Amino acid sequence: MSQPTTYKHTYIGREQLEQLTAGAKVIEKDRRGDKVLELNNGHIFKIFTSRSRLSKSWWLPYSINFARNAQLLVSKSIPTIEIRALYKLPDPGKTAVEYQPLPGNTLDKCIAPYKDKDSLSEQLGDFMAELHSKGIYFRAVHPGNILLDDQGRWGLIDIADLRYFKSPLSQNKRLRNFHHLLRRQRLFPYLKLLNGQKLISSYCHSCGNIGDSQLHRGLQKIWHHYLENS
């Protein structure tokens with residue numbers, strides 16, 4: 001891996017923040033206010049909030065982890081967003097990342113119109129196996145955060161909740177990560193269009209020796225639990 005980048009925040013006051021976000025499109029918000037904005041230059045402006053001075057995130061903001069995760073994925077040849085700047089905002093505990101989005105469409109938008117569902121299922125299995133073989137454990141790995149571009153390349157977005165291990169993931173971590181992939185009820189209609197057997201077989205084949213019968217049975221059990229019982 002290349003030498004890690006040292007990320008630092010640039011402080012911006014309220015007037016600078018208003019200028020930067022003037023005319024921006026709000027993509028996501030919660031009770032605290034705007035969370036994700038699309039700026040006029042096409043970049044994404046993602047805001048992170050640390051709730052307490054006692055929290056680790058106060059001293060090591062989520063925005064730093066987000067930027068480091070992007071750098072890690074690039075070093076592992078996994079397409080992802082491109083960091084442009086990190087900001088410390090005027091409100092206490094708030095930081096932000098400005099990044100260039102990854103071209104393509106999220107998997108939940110690709111599944112229904114994709115003509116060859118079997119091929120898509122196999123590709124997803126291969127991609128999950130690639131992540132796991134490279135030690136990448138992405139808790140937010142669901143169809144809204146997996147991206148597919150026009151050249152058939154797979155990538156990840158919304159990468160704040162990601163852990164890296166220096167060796168391939170254990171079987172337990174692999175199975176747990178498939179729970180994260182499949183558990184969101186709002187995405188069941190899209191996931192049910194995939195061929196679970198093709199996905200699992202492709203995943204296990206790509207895993208090599210790790211993809212044994214026990215792992216195969218475990219994945220089938222998870223798929224059945226979420227998508228065949230719902």
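In this predicted model, six strands form an open sheet of 6 strands with mixed pairing, in the order β1-β5-β6-β4-β3-β2. Its edges are β1 (10–11) and β2 (25–30), each of which pairs on one side only. Strands of a sheet pair through backbone hydrogen bonds, in either the parallel or the antiparallel sense. For β1 and β5 (residues 82–88) the sense is parallel, over 2 bridges. Within this part of the sheet, Tyr 11 stands opposite Lys 88 in β5.

| Helix | Strands | Angle |
|---|---|---|
| α1 (residues 14–21) | β1, β3 (33–38), β4 (44–49), β5 and β6 (94–100) | about 140° to β4 |
| α3 (residues 62–75) | β4, β5 and β6 | about 165° with β5 |

Helix α1 lies across the strands listed for it, while helix α3 packs on the sheet.

A further packing involves two helices. Two packed helices are described by the angle between their axes and the distance between those axes. Helix α6 (residues 171–182) packs with helix α9 (residues 213–228) at an angle of about 20°, and their axes are 10 Å apart. Because angles under 35 degrees count as roughly parallel, α6 is roughly parallel to α9. The crossing of α6 past α9 is right-handed.

On the α6 side, the contact is made by Gln 171, Leu 175, Phe 178, His 179 and Leu 182. These meet residues of α9 including Leu 219, Ile 222, Trp 223 and Tyr 226. Sorted by class, the contact of α6 with α9 comprises 9 nonpolar and 4 polar residues, with no charged residues.

Conventions:
Residues numbered from 1 in each chain as written. Predicted model: local features only at pLDDT ≥ 70, side-chain atom pairs only at ≥ 80, totals over all residues. Heavy atoms only, no water. Pairing = 2+ DSSP bridges. Helix = DSSP H or I, 4+ residues; strand = E, 2+ residues; numbered from the N terminus. Contact = heavy atoms within 4.5 Å. Axes fitted to C-alpha atoms, helices over the stretch in contact; angles between N-to-C directions. Parallel < 35°, antiparallel > 145°, perpendicular 65-115°, else oblique. Left-handed = near helix turned anticlockwise from the far one by under 90°. Nonpolar A, V, L, I, M, F, W, Y, C, P; charged D, E, K, R; others polar.
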